[in-house]
Amino acid sequence: MKSVEKETADRRRLQMADIARMAGVSVSTVSRCLNGSPLVNAETRRRVEELAKSLNYTINLGAKSFRLQENRTVAVVVPYDRDSRQHISDPFFLTMVGAIADVLTARGFDMLLSRVDADHLDQAIRGVEMGKASGLLLIGQWRHHDQLNELAARHMPVVVWGAELPQQLYCTVGGDNHHGGLLATRHLIEAGRRRIAFLGDAKLPEVLHRRHGYAQAMAEAGLTPEPALELPVSFEPGAARAPIEAFFARHPEVDAVMACSDLLAFEAVRALRALGRTVPDDVSVTGYDDMALASYGTPALTTVHQPVTEAAAALVDALMQVLGGERVHPLTLPVHLVVRDSSLPVGR
């Protein structure tokens with residue numbers, strides 16, 4: 001008897017996958033359509049129902065009431081990248097996860113928080129596949145564009161905090177990293193600085209876009225970025241500390257630093273002080289993210305403000321649209337520079 005039930009269940013899953021493939025939506029969206037979920041728009045529901053009818057697919061009404069206590073849980077995953085080694089306790093992650101939790105709570109959803117190895121992002125979708133969550137928000141794109149495209153090709157309901165990239169199949173929401181890098185570097189140049197160091201690993205998409213902005217600002221000022229003044233350092237302060245110390249010891253000519261996170265900026269300030277250099281008198285420093293701690297540093301940190309509150313709402317909005325069977329385009333949010341004491345101009 002159990003083998004017959006298993007064969008029936010396997011056949012039903014295969015039929016649902018067939019419907020999803022022909023309708024161009026995820027299996028979970030097909031399930032929602034056939035179970036009358038209000039998250040799905042009318043056109044998608046009509047298309048799925050017609051395909052189901054053509055395949056003689058019928059709904060197990062007994063299972064329906066069990067599955068659809070209306071799944072109002074969203075999985076939020078923070079991948080662990082072995083190269084960046086950025087901990088979940090990083091202030092940016094904590095702020096973003098908290099903002100998403102606030103948005104989901106306000107909309108009547110629960111949040112399932114987890115962490116997976118960034119090299120195995122397929123593990124991130126287990127909560128969705130097992131029915132524990134309706135969709136997935138991934139905080140961090142890292143170097144795994146191809147893996148994310150594979151998830152999107154399987155019609156997994158996923159939205160990613162990250163940068164828009166060429167040939168992207170999945171939806172991203174992210175800050176304008178190119179403009180952020182441009183603003184920070186222009187500010188340092190306007191403050192009279194010329195030997196500007198760049199701290200961040202440009203193998204990561206968001207950092208690469210910030211580096212493009214940095215290079216553009218330098219070119220606008222008639223300056224040429226010096227490869228020797230670029231340090232591809234990890235976001236994790238513990239791993240970044242020694243390379244940053246060694247970098248500034250090798251390069252006493254540096255008069256400004258554009259760091260790709262606030263924590264890296266604080267590590268730069270600490271390393272410069274250890275070498276007897278003052279901030280901002282000898283070296284101006286800018287960070288990135290504008291976490292709450294930025295205004296409490298000594299000196300208070302000039303930094304690029306990431307729109308975390310707006311991003312959380314946009315991420316949830318995008319996921320709801322994906323769950324409704326819609327194709328959602330990437331969204332880039334504006335950023336701005338918050339000027340504080342760490343980048344006061346030369347001869348102020």
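R46 is partly exposed, with a relative accessible area of 37% (buried means under 20%, exposed over 50%, and partly exposed in between, using a 1.4 Å probe and protein chains only). This is a predicted model, where local features need pLDDT of at least 70 and side-chain atom pairs count only at pLDDT 80 or more, while totals for chains, interfaces and linings use all residues. Residues are numbered from 1 along each chain as its sequence is written, and side-chain values use heavy atoms, leaving out hydrogens and water.

**Around R46**
- R46 and E43 form a salt bridge at 2.6 Å, N to O (a side-chain nitrogen of Lys or Arg within 4 Å of a carboxyl oxygen of Asp or Glu).
- The two sit three residues apart in helix α3 (residues 42-54), about one helical turn; helices (H or I, at least four residues) and strands (E, at least two) are DSSP runs numbered from the N terminus.
- E43 is partly exposed too, at 43% relative accessibility.
- R46 also meets E50 in a salt bridge, at 2.9 Å, N to O.
- E50 lies four residues from R46 in helix α3, about one helical turn, and is partly exposed at 46%.

- R211 and E230 form a salt bridge whose closest N and O atoms are 2.7 Å apart.
- R211 is partly exposed at 25%, whereas E230 is buried at 18%.

**Network and total**
- Salt bridges link R241, E245, E267 and R270 in a network.
- The count comes to 10 salt bridges.
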